[in-house]
Amino acid sequence: MLVAAIGAWATGCGGDPSERREERVLTFGFFAHFEPVSYASHADLTEPDLVHLGYEADLLTALESMADTGLHFRRVPIAEWPDIWLAPASDWFDLAGGGISILDSRTRDDGRTVVAFTDGHIGFRQTLLVRAADASRIRTHDDLGASDTIGAVAGTTGEARLLQLIGVADERGVLLAGTQVETPQGTVTADGGDAFRITAADPSAEFDQRTNIVPPGDLPRVAYLGDDDALYLDALADGRIDAFARGEIGNTDAARDSSGAFVVTAFDPQVERAGFVVAVEDLDLLELLNERINWLTDGGRIGYAEWSFNPAVFSNRAQRWNAKR
């Protein structure tokens, strides 16, 4: 199923498996809807003049310009988030990106390790975006109660970490006994066993199309509105949800653009690292990418904050690399 879906994405963008192994030309599948980290210039992903934009786009463009590297990225937008990290295991892509948090569980398909992550090039902290009027009431995840509804995007680390932070799931993603998961097929009630799990990579099959989670006791409800962040921002503005669980970068930008309507709270002390993904057998490519990425990010000291302040930071680092050659 995964390979067929990836083939459909690439075919829709003019992809051809025979092009995948052109010398030093790598087909890069990028998530098209994670502004400002990785996004497409047009909502219509079939637009002929579509380009890859954002933090990761600038990082890869700088990498292409580095002397003695010889890599060029043929960038193909991917609209669907679930399993995007497995794209390089198919015949269509050499690597994938889009703010993909590094998780060991995301390297496996049906229990077999098929992809590998590069070193992390950007850090994320999970947060809550709330209405300004609720900022003093919802300062941490512990302030949420049964009367609150939190929006989350299924299959993301934002969702998985939210469920842990509010006490609905343990560190393995196993749901609290009595938790009800609503789907179009009906409601499933977790019994506290391993069969009922929600993680950022391999949720229980019954939960694939989850629409709501209703936990027992005085814990908040979780609502799923789809993959489009704009749906959650609209729902937060009109009161259908009380918070949006998402990474610090996206929520901070949304708060800045809201003219004071939204505030970011509940900063998670745990930091996630995100990287690119390659096929597990592409060890030479993985080594090359790691060397160049670590140079461009100065060993992890340059990240989103520095790029946001100066979008030329990676191209400047590339020029320094070239001056040494």
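Let's start with arginine 210: in this predicted model, its charged end sits over the ring of tyrosine 224, 5.5 Å from the ring centre. There is another case to look at, where the charged end of arginine 106 sits over the ring of tryptophan 85, 4.1 Å from its centre.

Now, how confident is the predictor? The chain averages a pLDDT of 92, and 93% of the residues score at least 70. Please be careful with residues 1–5, though, where pLDDT stays under 50. Residues 17–22 are also below 50.

On to the rings. The count comes to 13 aromatic pairs. Take phenylalanine 28 and phenylalanine 73: their ring centres are 6.4 Å apart and their planes sit at 65 degrees, so this pair is edge-to-face. Phenylalanine 28 belongs to strand 1 and phenylalanine 73 to strand 5, so the pair ties together parts 45 residues apart in sequence.

Tyrosine 55 is buried at 0% relative accessibility, and tyrosine 304 is buried at 16%.

Finally, the cores. The largest nonpolar core has 55 residues, and Phe73 is back again, among those with the most contacts inside it. Helix 6, residues 283–296, gives this core its largest share, seven residues. Phe73 touches Leu289, among others. Apart from that core lies another, of 25 residues, including Leu144 and Phe196.

Technical notes:
Residues numbered from 1 in each chain as written. Predicted model: local features only at pLDDT ≥ 70, side-chain atom pairs only at ≥ 80, totals over all residues. Heavy atoms only, no water. pLDDT = per-residue confidence, 0-100. Contact = heavy atoms within 4.5 Å. Core = buried A, V, L, I, M, F, W, Y, C linked by side-chain atoms within 4.5 Å. Buried < 20%, exposed > 50% of the residue type's maximum accessible area, 1.4 Å probe, protein only. Helix = DSSP H or I, 4+ residues; strand = E, 2+ residues; numbered from the N terminus. Phe/Tyr/Trp six-rings, centres within 6.5 Å; stacked < 30°, edge-to-face > 60°. Lys NZ or Arg CZ within 6 Å of the ring centre and 35° of its normal. Lists of a residue's contacts leave out its neighbours within four places in sequence.
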